[in-house]
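User: Please take me through this model by question and answer. Keep it brisk.

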Amino acid sequence: MDMETQLSFVRRTPFSEPIPSRLKWGAFFVAAAGLIPFTVGTYIFTSFVFSMVEPELAWRAMFFNFGGTESFSYVELKQFNPQAAEVLSTNTHIAAVNLMFSGLTVSLLGFFEFPARSKLAWYLAVGLSFRAGGNDLLAGIIAQKPPVPAVPGILAVTGLLLAHRPIFDKKNHTRHAW
């Protein structure tokens, strides 16, 4: 195989060619939309760990009481209903880690794959943003809380709309069909 044929299989780096302005802004909004849930998930997970390390103190790891504490401790909840305490701790742990993972994935897709014009990244960002954002928004509405979880979703939709044309433009043959 000659050198040119070998190099044609090498994936282009996201920054090897000029990036259109719409794509830059789209990538920025999508990356920012992922950083918000990642930060919130990290905070909730850290609060969860502190609540489990010191179970006699007020429970801190609640999604709708961000930055505050609840009127009960893990010890009190476990004395009242051991199964409820286990369900709360398990669900909080799972939800915080899923929030962190989804946010980090969307940020990485926006930062690295959007400038490379990856169609697969665009579809993954749509799926992750709408699944996580829609679920959180619905949970907030059911709990009669302000629609704060919609903020990352609005950023993601803005970024996805901005990046759509540069990624799916038929004239752009610099990337694979993905």
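**Contacts, cores and surface**

User: Leaving aside neighbours within four places in sequence, which residues is Ser102 in contact with?
Analyst: This is a predicted model: local features need pLDDT of at least 70, side-chain atom pairs count only at pLDDT 80 or more, and totals for chains, interfaces and linings use all residues. Residues are numbered from 1 along each chain as its sequence is written, and side-chain values use heavy atoms, without hydrogens or water. Contact means heavy atoms within 4.5 Å. With neighbours within four places set aside, the partners of Ser102 are Leu128 and Arg131.

User: Is Ser102 buried or exposed?
Analyst: Ser102 sits in helix α4. Buried means under 20% relative accessible area, exposed over 50%, and partly exposed in between (1.4 Å probe, protein chains only). Ser102 has 8% relative accessibility, so it counts as buried.

User: How many helices and strands does the protein chain have?
Analyst: Both are DSSP runs numbered from the N terminus: helices are H or I with at least four residues, strands E with at least two. From the N terminus, the elements run α-α-α-α-α-α. The count is 6 helices and 0 strands.

User: Which residues have the most contacts inside the largest nonpolar core?
Analyst: A nonpolar core is a set of buried Ala, Val, Leu, Ile, Met, Phe, Trp, Tyr and Cys residues joined through side-chain atoms within 4.5 Å. The largest one has 15 residues, and those with the most contacts inside it are Leu23, Val30, Phe114, Trp122, Ala125, Leu160 and Ile167.

User: What covers the buried residues of α5?
Analyst: Those buried residues are Ala121, Trp122, Ala125, Leu128, Ser129, Ala132, Gly133 and Gly140. Their cover includes α2, α4 and α6.

User: How far apart are the end C-alpha atoms of α5?
Analyst: The expected span of a helix is 1.5 Å times one less than its number of residues. For the 24 residues of α5 that gives 34 Å. The end C-alpha atoms agree with this, at 34 Å.

User: What separates the C-alpha atoms of Phe45 and Ala96?
Analyst: Phe45 lies in helix α2. Its relative accessibility is 24%, so Phe45 counts as partly exposed. Its contacts beyond four places in sequence are His93, Ala96, Val97 and Met100. Phe45 and Ala96 are 51 residues apart along the chain, yet their C-alpha atoms are separated by 5.3 Å.

User: Which side chains meet in a salt bridge?
Analyst: A salt bridge is a side-chain nitrogen of Lys or Arg within 4 Å of a carboxyl oxygen of Asp or Glu. The whole structure holds 1. Its N to O distance is 3.3 Å, and the side chains are those of Lys78 and Glu86.

User: How much accessible area does the nonpolar patch with Leu104 have?
Analyst: Patches use residues with over 30% relative accessible area and no salt bridge, joining like charges within 9 Å and nonpolar side chains (Val, Leu, Ile, Met, Phe, Trp, Tyr) within 5 Å. Areas come from the Shrake-Rupley method with a 1.4 Å probe; for residues, only the protein chains shown count as cover. Leu104 is partly exposed at 36%. Together, Leu104, Leu108, Phe111 and Phe112 have about 350 Å².
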